[in-house]
Amino acid sequence: MSNKKQSQRQQQQGYPIPAVTPVQPTYPYGFYAPSGSVIGAPPSAQPSGTSGQAVPGMLPLEESYVENILRLNKGKLATVYMTFENNPEWPAKVFRGVIEAAGRDHLILSDPQTGRRYLLLMVFLNYVTFDEEIVYTSPQSLASYPPR
């Protein structure tokens with residue numbers, strides 16, 4: 001029996017018909033609505049512009065996360081150690097190159113000797129070493145670092 005016929009039958013027999021309420025889509029923390037505002041994010045994760053409004057095209061500023069530390073050291077030679085579980089061919093691999101970019105979920109390295117570029121996923125990252133001093137900004141002073 002179709003829902004419409006069942007609903008009509010219940011109405012004729014005196015059963016109450018539940019009201020249908022529209023459902024708002026929910027987004028995980030940090031997802032952006034078409035308007036550009038962050039949906040479902042706690043107030044501390046809201047993007048901050050000069051007026052406290054969301055800056056279109058900019059992601060909210062994070063604190064001292066690996067991506068920000070790597071971004072602060074853009075242009076430096078790094079050795080990246082990664083582990084790939086359940087991969088019998090190469091369960092662990094080492095990449096050496098210059099940091100070109102870093103995002104929430106990836107790192108881009110370029111090998112100066114071969115010119116090859118690597119797009120590495122952060123989920124596989126174990127640790128990174130540098131042969132020189134690195135730039136590290138404490139979370140308190142990251143407020144002056146421009147948002148992504």
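A residue is called buried under 20% relative accessible area, exposed over 50%, and partly exposed in between (1.4 Å probe, protein chains only). The model is a predicted one, in which local features need pLDDT of at least 70 and side-chain atom pairs count only at pLDDT 80 or more, while totals for chains, interfaces and linings use all residues. Residues are numbered from 1 along each chain as its sequence is written, and side-chain values use heavy atoms, with hydrogens and water left out.

**Exercise 1. Determine the strand order of the open sheet and identify the strands at its edges.**

Step 1. Helices (H or I, at least four residues) and strands (E, at least two) are DSSP runs numbered from the N terminus. Two strands pair if DSSP finds at least two bridges between them.

Step 2. The open sheet is formed by 5 strands in the order β6-β5-β4-β3-β7, with antiparallel pairing. β6 (117–121) and β7 each have a single partner strand and stand at the edges, so one side of each has no neighbour in the sheet. From one strand to the next, the twist averages 45°; axes are lines fitted to C-alpha atoms, for helices over the stretch in contact, and angles run from 0 to 180 degrees between N-to-C directions.

Step 3. Follow the pairing of β5 on both sides. A102 has L107 as its bridge partner in β5, and I99 stands opposite L109. With β6, β5 pairs in the antiparallel sense over 5 bridges; S110 has R117 of β6 as its bridge partner. The β5–β6 hairpin has 6 residues between its strands, and G115 in this turn has a positive phi of about 80°.

**Exercise 2. Locate the largest nonpolar core and state which residues have the most contacts inside it.**

Step 1. A nonpolar core is a set of buried Ala, Val, Leu, Ile, Met, Phe, Trp, Tyr and Cys residues joined through side-chain atoms within 4.5 Å.

Step 2. The largest such core has 14 residues, and V80 and L107 have the most contacts inside it. At least two core residues come from each of β3 (77–83), β4 (92–102), β5 (106–110) and β7 (125–130).

Step 3. Contact means heavy atoms within 4.5 Å. Apart from neighbours within four places in sequence, the contacts of V80 include V94, F95, L107, L109, L120, L125 and V128.

**Exercise 3. Classify the ring pairs Y81–Y127 and F84–F124.**

Step 1. Rings of Phe, Tyr and Trp (its six-membered ring) pair if their centres lie within 6.5 Å; planes under 30 degrees apart count as stacked, over 60 as edge-to-face and the rest as tilted. The count by this rule is 4 aromatic pairs.

Step 2. The ring centres of Y81 and Y127 are 4.3 Å apart and the planes lie at 15°, so this pair is stacked. Y81 belongs to strand β3 and Y127 to strand β7, so the pair ties together parts 46 residues apart in sequence. Y81 is partly exposed at 23% relative accessible area, and Y127 is partly exposed at 45%.

Step 3. For F84 and F124, the centres are 4.8 Å apart and the planes at 45°, so the pair is tilted. F84 lies in the loop between β3 and β4 and F124 in the loop between β6 and β7, 40 residues apart. F84 is buried at 12% relative accessible area, whereas F124 is partly exposed at 29%. Ring pairs also link F84, W90 and F124 into a cluster.

**Exercise 4. Is N73 buried or exposed, and which residues does it touch?**

Step 1. N73 is in the loop between α2 (66–72) and β3. N73 has 0% relative accessibility and therefore counts as buried.

Step 2. A polar atom of the N73 side chain lies 2.7 Å from the backbone oxygen of I69. Not counting residues up to four places away in sequence, N73 touches I99, F130, I134 and V135.

Step 3. V135 lies in the segment after β7 and is partly exposed at 35% relative accessibility. The C-alpha atoms of V135 and N73 are 5.9 Å apart, although the residues are separated by 62 residues along the chain. Leaving aside neighbours within four places in sequence, V135 is in contact with I69, L72, N73 and K76.

Key: A polar contact is a pair of N or O atoms within 3.5 Å; within protein, one must be able to donate a hydrogen and the other to accept it, and residues adjacent in sequence count only if both atoms are side-chain atoms.
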